[in-house]
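Trainee: I have a model open and want to learn how to read it. Can we go feature by feature?

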Amino acid sequence: MKPFFARIVNKNLGFHFNSWQRAIVLSLLAVHVVLLFFFLSQNVTLMVAVNGASILIYLLALRLALRRQFSLVLKLMYAEIILHQMLASLCLGWGYGFHLYCIALVPAAFYVSYTGDGGYASRIAPLRYSAVSLLAFYLTWLITSLVPPLYDLQNESLVRVVYVCNSLLANLVILLVMILLSGAIVRVETQLRKQNTQLARLSNLDPLTGLNNRRRMRALMEPIREKALREPPLSFCAVICDIDDFKSVNDTYGHQCGDYVLKKVADTLSDVIGEQGHVGRWGGEEFLIVIAGMEAEPIRNMLEQLCCAIQDASLTFNGDSPAVTITIGAAYTSRLNEINTVIGAADRNLYVGKRQGKSCVVMKEI
């Protein structure tokens, strides 16, 4: 399985031959066609043959790209550029600037690696290709400094013109690669931020009900409690709701019906509590509600309304209509009690309600 980063890159930037990549291959093909006529005009027969072979290589590269053999295409292009610059420099000399394409290959190698499949091999590959490019650069310099050019065109103006053209083209390649690499980095970072935001959101939600999960509720409670006990009315209330006889719902109607009941109860809790509190799934068939900054009586009334709303709800699943009720235990405080103390009191009140016959609200101040 590909690494997470590689899946993001391949989805958004993956190194496939899209329109601009085909344009690069076609541009290199066009450059070699121009060079073919240039060498023909100067009677540099060896380079005429070399450029003819290069044109065939780029036509082959386009064909291989259609077969999605991208790795082979890149290797062919890389080898062609290295060999072409060496032969052109041997034929005409160092002063024509064909060696500059070795420098342009270095950032290109890193760009291809960055937009590839990731992993150790792709991190090492650009270093290897860059080392070969620089070795070819200095080897070409060494050979041309020791051996005179095979063809002496004896035209200094032509040397300068060709050097300027080669340097401009090499620098244009470097500029283009850096623009593409910058764009790739920005898009990958944007995608990663979106993925991280989504993962953070999912890590805080219960997948079945869509409510806050236990972890998220734990994180919310402390800052809510501290704020509630600093600002009037000084109050903090923890509420635990438990679906009555939930095991019998699963045993009688099946677990799919049980999941349906959990979701419907969660929806009702969210609708009744609204913006007045925070609702989460505490575990199993238990839900936790945290309410701050409300007097005890309005909270009690809201919980009574919630209990009635669950009892009166018409639930139907695959033709079955399970009767669902909840028991609510709540602990209300205006003092700086520990979170676990308040939740423990709510839990005890819940079981008082269970013993009293269920489908009721038991709320006490601590």
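Predicted model: local features only at pLDDT ≥ 70, side-chain atom pairs only at ≥ 80, totals over all residues.

Trainee: What about rings with rings? How many aromatic pairs does the whole structure hold?

Mentor: A search finds 6 aromatic pairs. Take Tyr260 and Phe317. Their ring centres are 5.4 Å apart and their planes meet at 35 degrees, so this pair is tilted.

Trainee: Which parts does that pair tie together?

Mentor: Tyr260 belongs to helix 10 (residues 255-273), while Phe317 sits in the loop between helix 11 (296-312) and strand 4 (326-333), so the pair links parts 57 residues apart in sequence. Tyr260 is buried, at 17% relative accessibility. Phe317 is buried too, at 18%. Rings can also group: Phe38, Phe39 and Phe98 form one aromatic cluster.

Trainee: Back to helix 10. How do I read a helix?

Mentor: Begin with its span. Helix 10 has 19 residues and reaches 27 Å from first C-alpha to last, close to the 27 Å expected. Then look at its faces. An α-helix has 3.6 residues a turn, so residues three or four places apart point the same way. Now list what is buried. In helix 10 that includes Cys257, Tyr260, Val261, Val265, Leu269 and Val272.

Trainee: What do the buried residues of helix 10 pack against?

Mentor: Their partners are strand 1 (236-243), helix 9 (246-253), strand 2 (277-283), strand 3 (286-292), helix 11 and strand 4. Just after helix 10, Gly274 takes a positive phi of about 55 degrees.

Trainee: Which residues other than glycine have a positive phi?

Mentor: Asp245 is one of them, with phi near 50 degrees. Asp245 is in the loop between strand 1 and helix 9, and is partly exposed at 46% relative accessible area. Asn318 also has a positive phi, near 50 degrees. Asn318 is in the loop between helix 11 and strand 4. At 65% relative accessibility, Asn318 is exposed.

Trainee: Next, cysteines. How many disulfides are there?

Mentor: The structure holds 0. Look at sulfur distances. For Cys91, the nearest cysteine sulfur is that of Cys102, 15 Å away. Cys91 is buried, at 0% relative accessibility. For Cys241, the closest cysteine sulfur is in Cys307, at 8.5 Å, too far for a bond. Cys241 is buried as well, at 1%.

Trainee: Which residues does Val44 touch, beyond its close sequence neighbours?

Mentor: Phe39, Cys91, Leu92, Tyr151 and Leu153.

Trainee: Last one. Is Asn166 buried or exposed?

Mentor: Asn166 is buried, because its relative accessibility of 5% is under the 20% cut-off. Asn166 lies in helix 7 (residues 156-203). Beyond four places in sequence, Asn166 contacts Tyr96, Gly97, Phe98, Leu100 and Tyr101.

Terms used
Residues numbered from 1 in each chain as written. Heavy atoms only, no water. Helix = DSSP H or I, 4+ residues; strand = E, 2+ residues; numbered from the N terminus. Buried < 20%, exposed > 50% of the residue type's maximum accessible area, 1.4 Å probe, protein only. Contact = heavy atoms within 4.5 Å. Phe/Tyr/Trp six-rings, centres within 6.5 Å; stacked < 30°, edge-to-face > 60°. Expected span 1.5 Å × (residues − 1). Disulfide = S-S within 2.5 Å.
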